[in-house]
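Reader: Could you walk me through this model, and tell me what stands behind each label you use?
Author: Gladly; have a look at it here.

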Amino acid sequence: MPRSGEPRVTHFNDCAFVAKTLVDAAAAQGHRWGYLPPGKVRPEGGFSSSAAGRLRQLPYVARHLQVLLSSDVLHIHYATAAALLEKSFYPRRPYLLTLHGSDIRKQWLDPAYHDQIQRAIDGASMVFYANLDTAENALKARPDAVYMPPLLRPGRLPQWTPASTSGAPRVVFASRWDESKGVEAQLELAAALRAALPPAVDLVGLDWGPGAARAQKLGVRLVPRMEQPDYLRLLASADLVVGQPQGILATSELEAMAIGVPLACPGRQLEGPGGTPPVLQGTVAEIVEQTKDVLADPAAASAALNARPWVLEHNTADAWIPLLSRAYSKAAAEGVRR
């Protein structure tokens, strides 16, 4: 039950566990916010218009309706999820919206999606965007949009146990192998690292994305997609984590930093409110040389970067809970905007 006088809040959908992190952080502060994860919002392959597809929608429709009836305010994660709640027989509820990446980076520019995305943005009581590289689009679509960086609860992260303490050094590629994560630059770095490092060094990546097979051919050992605790343990086993070459830090990169693993990101990082992130960056050749230095003494590299305090200052979920609580109360008081 929510606190007395507070609206009933549900986080609808999720990306990179941001919603779950916020709900858990809120619970630690005495709030009781609901949470509907992606698998219960819609099937992974989406809905189809066939008779069988419509039949498969029924449990999701019932679940959506239950969420609407039991909530005063929704916080929707990813703009296309808002359209799922537009059925004429659904009750309308005020909502906040977080733009998580491709929705505002690519789909908002696509005529096939633009109107749907803009409608979701216009109808929200408040809009957040989660990536620095989407600031221009987000602020054009909604001038009062607020930057909310990827958020963590560092106290729940595993201890850093680099593989080199008991065997061969390990380099973990944190991102899936697709265009949105700069797959060509990732593959270029994977090839360069495999050529430059001793064969015993374990290059590991997720078996996820259209470029995964190419990564495997270049010498990256692929592991299946996994539940978050297992994935965090994978990051914690790395001597070095390779982040996406897009100039931004996503949740996985920040988790590695907060664990203490040195992080290398090809290219140059965009600077946000926290200034330049404490990560290794540069050209592929520079990253290769930096990787050699890290693998020679991972603990010293971690100490030199000292990334965990930076993450604690700029990317903890706990600090956002009072702001969100006030925003939910305001949205509930104002009611539906569209």
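Predicted model: local features only at pLDDT ≥ 70, side-chain atom pairs only at ≥ 80, totals over all residues.

Author: Residues are numbered from 1 along each chain as its sequence is written, and side-chain values use heavy atoms, with hydrogens and water left out.

Reader: How do you know how many helices and strands there are in the chain?
Author: Helices (H or I, at least four residues) and strands (E, at least two) are DSSP runs, numbered from the N terminus. The chain has 14 helices and 12 strands.

Reader: What makes the radius of gyration agree or disagree with that of a compact globule?
Author: The radius is taken over C-alpha atoms, and the globule rule is 2.2 Å times the number of residues to the power 0.38. For 338 residues a compact globule would be near 20 Å; the chain has 21 Å, so the two agree. The C-alpha atoms fill a box of roughly 60 × 45 × 35 Å along the principal axes.

Reader: Why is Asn-131 called buried?
Author: Buried means under 20% relative accessible area, exposed over 50%, and partly exposed in between (1.4 Å probe, protein chains only). Asn-131 has 8% relative accessibility, so it counts as buried. Asn-131 sits in the loop between E5 and H6. Contact means heavy atoms within 4.5 Å; leaving aside neighbours within four places in sequence, Asn-131 is in contact with His-100, Gly-101, Arg-105, Tyr-147 and Ile-248. Over the chain, 53% of the 338 residues count as buried.

Reader: And why is Gly-211 called buried?
Author: Gly-211 has a relative accessible area of 5%, and therefore is buried. Gly-211 is placed in the loop between strand E8 (202-206) and helix H8 (212-217). Not counting residues up to four places away in sequence, Gly-211 touches Trp-177, Val-183 and Leu-187. From Gly-211 to Arg-176, 35 residues apart in sequence, the C-alpha distance is 8.2 Å.

Reader: What makes Val-127 buried?
Author: The relative accessible area of Val-127 is 0%, so Val-127 is buried. Val-127 belongs to strand E5.

Reader: What makes a set of residues a nonpolar core?
Author: Such a core is a set of buried Ala, Val, Leu, Ile, Met, Phe, Trp, Tyr and Cys residues joined through side-chain atoms within 4.5 Å. The largest one has 30 residues, and those with the most contacts inside it are Phe-12, Ile-76, Leu-97, Leu-99 and Ile-121. At least two of its residues come from each of several elements, including helix H3 (51-69), strand E4 (95-99) and helix H5 (114-123). Apart from this core lies another, of 28 residues, among them Leu-235, Ala-236, Leu-263 and Ala-307.

Reader: How do you know that helix H10 is mostly covered?
Author: Nine of the nine residues of H10 (residues 251-259) are buried. These buried residues pack against several elements, among them helix H1 (18-28), helix H9 (228-236) and helix H13 (307-314). Just after H10, Gly-260 takes a positive phi of about 115°.
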